Each structure stands twice: as C-alpha cells, then as structure tokens.
Amino acid sequence: MGPSWDDLKVFLAVARQGSLSAAGAALKLDPATAGRRVARLEEALGTALFLKSPQGYALTGAGERLMPHAEAAEQAMTHGEDAVRGQGDRLSGVVRLGAPDGCANYLLPQVLAGIVSAHPGLEVQLVALPRVFNLNRREADMAIGVSAPEAGRLTVQKIVDYQLVLAASRRYLAKVPSIRSLADLRGHPMIGYIPEMIFDKELDYLGDLGVERPALASNSVAVQYNMARQGAGVAVAHDFALPGDAEMERVLSGEFALTRSFYLIRHADDARVRRLSGFAELLVAGMRRQMASVREALTEGVGSGDAGSRNQKV
C-alpha cells in the first residue's frame, strides 16, 4: 500500500514548518501524532525523510525528492475539494490571507465583511503581521505586500496605490507650536518604525523626513497610529486610516505624501483553484472600491483636515 494523503499532509507541514510542534499546530494535531504520521510514511517508503536535530527537522535527499510529488498531491486534493464544493457562483471553504497590519486594520475589514456576507460558505482567516509572508511555507494561501517579490514561483498583481501622510491628534496639535514646514518637525516627537525592524524598503521613509530615529517606535503601524491618537507626537499614517477618525488630522498635506502600492501575491500553482481565484478577484475589486471611497472622503475633507492652517499660534 502506498503512502496515504493524511501522512503526506503531515510531511508537507513538517517540511514547511521545520518542527513537529509547529506542524501539529497548523494541522490541529498533537506533536506525538504528527511524529507517528511521519514515521509511518518513512516506513512505507523505506527511507528517512527528515534529519532531526535540536534546531528542528530538515529534509533529507529523499525528502527533497518527495516534496514536489507531495505538493502535486496537495494541489490535486485542493482541486477536488473545489470541484465538489463549488456550486454556482458561491464560494466556500477556507482562505487564509496574509497582510501588513496597517492594511489589515484599516482597509480590509469592510472589504472582507462584504465578501463573506455574499458567500456565507466561505471562511476567511486574516493573518495580520508586520512582515513579509512566506507563501512557500504555506503561511497563507495568498498575501498582500507593499512591494512585488522578485523570486519564487509566484504570481503578482498590483491592486491599488495609497499614500503615506503625516498625521497627529487634534489634542496634540492644539497645544504645540505650529507645524508649517518639514523643518518644524524637528521640534516634535516623531513616531515610526523601529529602524532595525522595517520589513520592507518601501516603509523606510524616515530619511525623507530628515529623521534619524523616531522618539517613539513600534514594529506595528497600527500601534504607531494609536500612539499618535493618544497625543504622543506626529506619525506617518496610511491615508485610508483617516476618514471617519475625528481625532486625527493631516499635517503638511501640501509638503509631504509618499505614494505606495499594495500587491496581491499568490502561488503560481493556485491559478486553477476556483475558490482562491474567485476570492482573489473579489478581494482586488473590493480593495479598489474601498480606496475610491477613501479618496472621495479625503477630497471632501472628512477626517482629513490639514493642521498647517488650523494650529496657528498667535
């Protein structure tokens, strides 16, 4: 009897995660069960698939040779599930999406709520982390990035542009000297990324502001934004976070704005998976609609008044 799909699934998880505990957590198995599945597969194939060490599990030569076949089996199972579940235009099953925490906190909630409302059989898992996702390890089915990867068997689609702008709380701006130019920022606490933890070059903007290190820093842009909301200083914020936030106000809108882009990054092999392709299409369309609404709100001045003319000191 050949290897079972259940054992191959555990093999893939261990290969991608590098340990029994992490693989078990991903598959909702205890580590001992995951270990038994690996041992059973090795026995069925008559060879060791992993080298075990204190650092974790690494593939042997045989494991490396098995990997593409196991991934092909995974794709076949995914296509089969998709064919069985897919009825009409309704999407069903689980989709895990990785996204930077700013996008996840301020742009995606409304978009994903609309998708799930229209497709009640669909379960969307949003993993919000301030870092680049490793799709080869199946940390997510697809990911949103702020730059396009240049290597790997991936497909990349530009979704939409957005802007990084300066913002601060109205309470803060009411009690400090006017900010009329970029030079005036030197007299204000700046909030930004921990320099050593900037996960993408597109977010390395401190030099554009003439700031070497921020006074308050976090690896999370959502934390940075909330620091600014508490009156801690001036932050670089996503423009789509501002509409509807009566506490926050743009600073120096005529002098500073950085245009950036979001990209949808997918496994090249997933193009024929209806559930994933259908979700990707809805996600891109939804994000574009949401950003169009944001631009309209910003044009009308909702939650985006500029501090350059509001906090003049007499």
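Start with α8 (221-229) and β9 (234-238): each supplies at least two residues of the lining of the second largest cavity. Helices (H or I, at least four residues) and strands (E, at least two) are DSSP runs, numbered from the N terminus. The model is predicted, so local features need pLDDT of at least 70 and side-chain atom pairs count only at pLDDT 80 or more, while totals for chains, interfaces and linings use all residues. Residues are numbered from 1 along each chain as its sequence is written, and side-chain values use heavy atoms, leaving out hydrogens and water.

**The cavities**

Select Tyr 106, Val 221, Gln 224, Tyr 225, Val 236, Ala 237, His 238 and Ala 241 to show the lining of the second largest cavity. A cavity is a set of points, on a 1 Å grid over the protein atoms alone, where a 1.4 Å probe fits but cannot get out; lining residues have an atom within 4 Å of a point. The volume here is about 30 Å³, taken as the space filled by probe spheres set on the points, with grid points joined across faces, edges and corners. By class, this lining has six nonpolar, two polar and no charged residues. Ala, Val, Leu, Ile, Met, Phe, Trp, Tyr, Cys and Pro count as nonpolar, Asp, Glu, Lys and Arg as charged, and the others, Gly among them, as polar.

Next, select Pro 100, Asp 101, Gly 102, Val 146, Tyr 162, Tyr 193, Phe 199, Leu 203, Val 221 and His 238, which line the largest cavity. Its volume is about 50 Å³, and its lining divides into seven nonpolar, two polar and one charged residues. How many cavities of 30 Å³ or more are there? The count is two.

**The cores**

Now select Leu 108, Ile 144, Leu 166, Phe 262, Phe 279, Leu 283 and Met 287, the residues with the most contacts inside the largest nonpolar core, which has 64 residues. Helix α9 (residues 274-300) gives the largest share of this core, nine residues. Such a core is a set of buried Ala, Val, Leu, Ile, Met, Phe, Trp, Tyr and Cys residues joined through side-chain atoms within 4.5 Å. Buried means under 20% relative accessible area, exposed over 50%, and partly exposed in between (1.4 Å probe, protein chains only).

Centre on Leu 166. Beyond its neighbours within four places in sequence, Leu 166 has contacts (heavy atoms within 4.5 Å) that include Leu 182, Met 190, Leu 209, Val 234, Glu 249, Arg 250 and Phe 256. For a second, separate core of 17 residues, select Phe 11, Ala 34, Phe 50 and Leu 66, which are among its members.

Ser 169 is in strand β6 (residues 154-169). Is Ser 169 buried or exposed? It is buried, with a relative accessible area of 0%. Setting aside residues up to four places away in sequence, Ser 169 touches Ala 228, Arg 229, Gly 231, Glu 247 and Met 248.

Arg 260 sits in strand β11 (residues 258-267). Arg 260 counts as buried because its relative accessibility is 13%. Outside four places in sequence, the contacts of Arg 260 are Val 160, Asp 161, Tyr 162, Leu 164 and Glu 202.

Finish at Glu 43, in helix α3 (residues 31-45). Glu 43 is exposed, at 66% relative accessible area.

Notes. On a 1 Å grid over the protein atoms alone, a cavity is a set of points where a 1.4 Å probe fits but cannot get out, and a pocket is an open set with protein on both sides within 12 Å along at least five of seven lines; lining residues have an atom within 4 Å of a point.
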